[in-house]
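Work through the exercises below with the sequence and the model at hand. Each task is followed by a solution in steps.

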Amino acid sequence: MKKLSFYCLAGALLPILYLNPLFMKNETPAAKAPFCEATVLTAESAAPQEKVSDLNPVYVELEETEGWILDEVLSDYISEDVVELQEQGISFTIGEWTERDTHTCLFLNKELPDGTLYSVLGYTKTADGGYVYFEFSSPEPITEQQVVMEITKTFGNTGSSVQKAC
């Protein structure tokens, strides 16, 4: 009986996880930028604006609120990016899975022809109570303190950044 229940649950979850992109709203006006493209600023576009963020945030608003579903969404995004890197023959290193009160993320470093691109992929709760999947990237190494500051600045999440108990 337990096996049958397990198979029914797994069968119900499979289409949900497969159709996951249908449950997301794109927060940014443009579609998600290709994973290996960097934003290029010209002198004209950089001069009149305020200081441009060092971490180049890209994010997608999520409708999910359950922790385990959010973990699955993050895993799916990371898997897609890793497959894309492997198909393009780009070397990469994956850091540890980090869970904090304010966010859950994973550090990913890509060895591009122009140099290393340091990225952080994760999800966080926003000030309005929703969740977003985010990607921060920079040509310079990214610290967890920078991630916390960028989350606070971009999403208004001001919770403490203490490690969750596993």
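**Exercise 1.** The model is predicted. Decide whether Glu150 is buried or exposed, then find its salt-bridge partner and state how the two are placed in the chain.

*Solution.* Step 1: the relative accessibility of Glu150 is 6%. Buried means under 20%, so Glu150 counts as buried.

Step 2: Glu150 forms a salt bridge with Lys153, and their closest N and O atoms are 3.5 Å apart. This is within the 4 Å cut-off for a salt bridge.

Step 3: both residues belong to helix H4, three residues apart, which is about one turn of the helix.

Step 4: Lys153 has a relative accessible area of 57% and is therefore exposed, the limit being over 50%.

**Exercise 2.** Count the salt bridges and describe the one that involves Arg100.

*Solution.* Step 1: the count comes to two salt bridges.

Step 2: the side chain of Arg100 meets that of Glu144, at 2.5 Å from N to O. This pair links distant parts of the chain, 44 residues apart: Arg100 lies in the loop between strand E2 (91-99) and strand E3 (103-112), and Glu144 in helix H4 (residues 144-155).

Step 3: Arg100 is buried, at 14% relative accessible area, while Glu144, at 24%, is partly exposed.

**Exercise 3.** Determine how the buried residues of H4 are arranged around its axis, and what covers them.

*Solution.* Step 1: H4 has 12 residues and reaches 16 Å from its first C-alpha to its last, close to the 16 Å expected.

Step 2: the buried residues in H4 are Val147, Glu150, Ile151 and Phe155. Viewed down the axis of H4, the buried residues fall within an arc of 105 degrees, so they line one face of the helix.

Step 3: on the other side of H4, Gln145, Met149 and Lys153 are exposed.

Step 4: the cover over the buried residues of H4 includes strand E1 (58-62), E3, strand E4 (115-125) and strand E5 (131-138).

Step 5: just after H4, Gly156 has a positive phi of about 75 degrees.

**Exercise 4.** State which stretches have pLDDT under 50, and how they should be read.

*Solution.* Step 1: the mean pLDDT of the protein is 73, with 62% of its residues at 70 or more.

Step 2: pLDDT stays under 50 over residues 17-53, where the model has 43 contacts beyond four places in sequence. Residues 161-166 are also below 50, with 13 contacts beyond near neighbours in sequence.

Step 3: where pLDDT is low, predicted coordinates should not be read in detail.

Note on methods:
Residues numbered from 1 in each chain as written. Predicted model: local features only at pLDDT ≥ 70, side-chain atom pairs only at ≥ 80, totals over all residues. Heavy atoms only, no water. Helix = DSSP H or I, 4+ residues; strand = E, 2+ residues; numbered from the N terminus. Buried < 20%, exposed > 50% of the residue type's maximum accessible area, 1.4 Å probe, protein only. Expected span 1.5 Å × (residues − 1). Arc of directions from axis to C-beta. Contact = heavy atoms within 4.5 Å. pLDDT = per-residue confidence, 0-100.
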